[in-house]
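I opened this model to check a few helices, the ligand site and some backbone angles. My notes are kept in the order in which I looked.

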Amino acid sequence: MNSGLAPSTNGSAEVYAVRLLKRRRLDGGTFEFTLSRPDGFSFRAGQRIRFEHPTGERDYSLVNGPAATELQVCVRIVQDGHFTPRLARAAIHSRFDISGPHGYFIFQPAARPAVFVATGTGIAPFIAMARSGVRGFRLLHGTRTADGLYYQAELRAAAAGYVACLSGAAAAAAAPPDAFAGRVTAYLAAHLAPGAYDFYLCGRSEMIRDVTLLVDRRFPASLVYSEIFF
Ligand SMILES: Cc1cc2nc3c(=O)[nH]c(=O)nc-3n(C[C@H](O)[C@H](O)[C@H](O)COP(=O)(O)OP(=O)(O)OC[C@H]3O[C@@H](n4cnc5c(N)ncnc54)[C@H](O)[C@@H]3O)c2cc1C
């Protein structure tokens, strides 16, 4: 979609003006935001945009595939955060400046089976990959409760295996019948057969550190690609 607003530059990255078109609640604290897609803005599934905001720069992985007419991000609102509460309150049609595309978290087809591991909104780049036609991957989505399993039906349809890993104490309520009670690391340690895999990890730094250590111990012939959110 054409936003009708011309790009400028900020250092080496091109800066585009976009409009907020839609806001959809995914759970109590997470929203999908739809933005206009500027003319000439191209990206690959797994890449991200950066909001160039007076409160600072904030990166968000795009959830839509490269052919989409709009841009979509999936954002957890951090209550005392500088940027996300402003985004949550922004009126429809508000203007934002973004730069991008940024990042290299892109699916690399290989003979080794792909295992995608996400926590929370770290699911975002995997949705874009699924929407761009990537198939045959196994996906683990770690959240505290079943509310956080955004885009589940779509991901199940694209994945060769989908496991919800619910770590919260009361996770059983509304959990899918095949959910695993525990963290993604516990699932990998107990249920992934020995072998060589391509792991794609996205989410909190603690998860990425813990899974990388586990891969070194249990799946040493594997490759790890990672994207750290915070
Ligand atoms: C490569 C990359 C990709 C990212 N993609 C996404 C994405 O797709 N979706 C998304 O929601 N976020 C994503 N993030 C995080 C995002 O860029 C912001 O850091 C986040 O939205 C918080 O911004 P804020 O200004 O509201 O909070 P800040 O003012 O930056 O932070 C306030 C406090 O909250 C903590 N905090 C920061 N982020 C979180 C969080 N997610 N949950 C809990 N506490 C937090 C900070 O440590 C700090 O103590 C990504 C970050 C990176 C580096």
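**Entry 1: what I am looking at.** I noted at the start that this is a predicted model.

**Entry 2: ligand.** I asked which residues come nearest to the ligand. Of the 19 residues around it, they are R58, D59, Y60, R76 and T84. A polar side-chain atom of R58 sits 2.6 Å from a ligand oxygen atom. For T84, an N or O atom of the side chain is 2.6 Å from an oxygen atom of the ligand. At C74 the backbone takes part: one of its polar atoms is 2.9 Å from a nitrogen atom of the ligand. On its own the ligand has 910 Å² of accessible area, and the protein covers 75% of that.

**Entry 3: helix α5.** I checked the length of α5, residues 205-218, against its residue count. At 1.5 Å a residue, its 14 residues should span 20 Å, and I found the end C-alpha atoms 20 Å apart, which agrees. Next I listed the buried residues of α5: M207, I208, V211, L214 and V215. Viewed down the helix axis, these buried residues fall within an arc of 130°, so they line one face of α5. I then asked which exposed residues the face turned away from the buried side carries. On that face of α5 I found D216 and R217. The cover over the buried residues of α5 includes β8 (114-119), α4 (184-191), β12 (198-203) and β13 (223-228).

**Entry 4: helix α2.** I went to α2, residues 124-131, and asked how many of its 8 residues are buried. The count is 7, so this helix is largely enclosed by the rest of the structure. The buried ones are A124, P125, F126, I127, A128, M129 and A130. Among what covers them are β5 (56-61), β8, β9 (138-143), α3 (152-158) and β12. I also see that β8 is listed in the cover of α5 and in that of α2; β12 is listed for α5 and for α2 as well. Just after α2, G133 has a positive phi of about 105°.

**Entry 5: S36.** I found S36 in strand β3, residues 30-36. The S36 side chain reaches the backbone nitrogen of R19 at 2.9 Å.

**Entry 6: backbone spots.** As background for this entry, most residues other than glycine have a negative phi, and most peptide bonds are trans. I looked for departures from that.

- G100 and P101 are joined by a cis peptide bond, with omega about 0°. P101 lies in strand β7, residues 95-102.
- H93 is not a glycine, yet its phi is positive, about 85°. I located H93 in the loop between α1 (84-89) and β7. Its relative accessible area is 55%, and H93 is exposed.
- Y151, also a residue other than glycine, has a positive phi near 60°. I located Y151 in the loop between β9 and α3. Y151 is buried, with a relative accessible area of 11%.

Terms used
Residues are numbered from 1 along each chain as its sequence is written. This is a predicted model: local features need pLDDT of at least 70, side-chain atom pairs count only at pLDDT 80 or more; totals for chains, interfaces and linings use all residues. Side-chain values use heavy atoms; hydrogens and water are left out. Helices (H or I, at least four residues) and strands (E, at least two) are DSSP runs, numbered from the N terminus. The expected span of a helix is 1.5 Å times one less than its number of residues. Buried means under 20% relative accessible area, exposed over 50%, partly exposed in between (1.4 Å probe, protein chains only). The arc is that of the directions from the helix axis to the C-beta atoms. Contact means heavy atoms within 4.5 Å. A residue is near a molecule or strand if one of its heavy atoms lies within 4 Å of it. A polar contact is a pair of N or O atoms within 3.5 Å; within protein, one must be able to donate a hydrogen and the other to accept it, and residues adjacent in sequence count only if both atoms are side-chain atoms. Accessible areas come from the Shrake-Rupley method with a 1.4 Å probe; for residues, only the protein chains shown count as cover.
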